[in-house]
Amino acid sequence: MKDSFTVIKKLLKRIPIIKRIYPSVIKKIYSYLNTDEINYEYFGLKLKGNIKEPMDKEIFLFSEYEHLQIDYLLRLMKETKFDYFIDVGANSGLYSMVVAKNDCKIKIKSFEPIKKTILKFKENIQLNENLNNIEIFEFGLSNKNSKLLMKSLKKKNYIQTGGFGVAQNGEILNNLHTEYAEFKKGDDIFSFENKNIILKIDAEGHEKEVIQGLENNLNKNSILLQIEIFDKNFDVMNNILKDKNFNQIHMIKSDGKKDYYYKNY
């Protein structure tokens, strides 16, 4: 019955008028109930979220959010035994928790610099059993140790926890929420040799600095890389990865973003 309901919700997204009206109706219902908190399940996980948060809303309403990417990653995990899953830009921990649920032996290191998002991540871990292999680091990764100005959309006094990105010099930040967050050089935090590693990077445009800060680990290990790259940054990032002996093996476009898959083995 639950699977049938999931299929129905996915079909609703394909009907343009329903896709427009359905979210508005649900949000009005929750507004009438005087709550924004929602509870839902995704990839077998119990999750708590906010109806105003785009990722939470997408999963709650349509049972979809990077479903293709997660399915592909799980398929690769079945084909190869990995020692570590490094989640850079973990957000509220969806990927880390899915990986933990599907492999209790893989060691997971999750990096997220936004305090409010970390709290949500920890709360969702508590809702589920046997996710004991996740280690959360309350800072982001970059090419040096520093505090960086972060930006996020703010709508009707709600600050979107997903989509936080590093503000660029000279960028106009009017009507955006901003706060400083801590970043550290990845190679200063962990050093592995001869390990099979999944490295997932979702850094909202800061991926070049993440890669630069992990140079030693990239050189000494077999890496399966999932990385979100904006179109304007693709040529630069692709050349950087090629120079580090990474070959592109796949690309998935969904939910308005592109995730690229590389490996150096």
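1. Largest pocket, lining by element. Helix H3 gives the largest share of the lining of the largest pocket, with 3 residues. H3 is joined by H5, strand E6 (140-142) and strand E14 (257-263), each of which supplies at least two lining residues. Note that this is a predicted model.

2. Largest pocket, volume and centre. The volume of the largest pocket is about 820 Å³. Its lining counts 43 residues, and those closest to the centre are Tyr65, Gly162, Gly163, Asp202 and Glu204. By class the lining holds 19 nonpolar, 11 polar and 13 charged residues.

3. Asp202 and Lys257. Asp202, one of the residues closest to the centre of the largest pocket, forms a salt bridge with Lys257. The closest N and O atoms are 3.2 Å apart. Asp202 sits in the loop between E11 and helix H8 (207-213), while Lys257 belongs to strand E14, so the pair ties together parts that are 55 residues apart in sequence. Both residues are buried.

4. Network. Glu66, Asp202, Glu228, Lys257 and Asp259 are linked in a network of salt bridges. Across the whole structure, the search finds 16 salt bridges. Side chains of opposite charge can pair when their charged atoms come close.

5. Lys120 and Asp56. Which residue forms a salt bridge with Lys120? The partner is Asp56, and the closest N and O atoms are 2.6 Å apart. Lys120 lies in helix H6 and Asp56 in helix H3, so this pair ties together parts that are 64 residues apart in sequence. Is Lys120 buried or exposed? With a relative accessibility of 14%, Lys120 counts as buried, because the cut-off is under 20%. Asp56 is buried too, with a relative accessible area of 0%.

6. Helices around the second largest cavity. Which helix gives the largest share of this lining? Helix H3 does, with 3 residues. Helix H3 (54-62), helix H5 (94-102) and helix H6 (115-126) each supply at least two residues.

7. Largest cavity. How many cavities of 30 Å³ or more are there? The count comes to 2. The largest cavity has a volume of about 60 Å³. Ile86, Phe190, Ile197, Leu199, Leu214, Asn217, Leu218 and Ile223 line it. That makes 7 nonpolar residues, 1 polar and no charged. Strand E11 (196-201) and helix H9 (215-220) each contribute at least two residues to this lining.

8. Glu215 and Lys244. Glu215 pairs with Lys244, with the closest N and O atoms 4.0 Å apart. Glu215 lies in helix H9 and Lys244 in the loop between H10 and strand E13 (247-254), so the pair ties together parts that are 29 residues apart in sequence. A salt bridge here needs the atoms within 4 Å. Glu215 is partly exposed, with a relative accessible area of 38%.

9. Hairpin. Strand E1 (residues 37-42) and strand E2 (residues 45-50) pair in the antiparallel sense over 6 bridges. Glu41 has Lys46 of E2 as its bridge partner. How many residues lie between E1 and E2 in the hairpin? There are 2, and Phe43 in the turn has a positive phi of about 50°. In a regular strand the side chains alternate between the two faces of the sheet.

10. Val236. Val236 is placed in helix H10 (residues 234-243). At 48% relative accessibility, Val236 counts as partly exposed. Val236 and Ala100 are 136 residues apart along the chain, and their C-alpha atoms are separated by 32 Å.

Definitions and conventions:
Residues are numbered from 1 along each chain as its sequence is written. This is a predicted model: local features need pLDDT of at least 70, side-chain atom pairs count only at pLDDT 80 or more; totals for chains, interfaces and linings use all residues. Side-chain values use heavy atoms; hydrogens and water are left out. On a 1 Å grid over the protein atoms alone, a cavity is a set of points where a 1.4 Å probe fits but cannot get out, and a pocket is an open set with protein on both sides within 12 Å along at least five of seven lines; lining residues have an atom within 4 Å of a point. Grid points are joined across faces, edges and corners, and a volume is the space filled by probe spheres set on the points. Helices (H or I, at least four residues) and strands (E, at least two) are DSSP runs, numbered from the N terminus. Ala, Val, Leu, Ile, Met, Phe, Trp, Tyr, Cys and Pro count as nonpolar, Asp, Glu, Lys and Arg as charged, and the others, Gly among them, as polar. Buried means under 20% relative accessible area, exposed over 50%, partly exposed in between (1.4 Å probe, protein chains only). Two strands pair if DSSP finds at least two bridges between them. A salt bridge is a side-chain nitrogen of Lys or Arg within 4 Å of a carboxyl oxygen of Asp or Glu.
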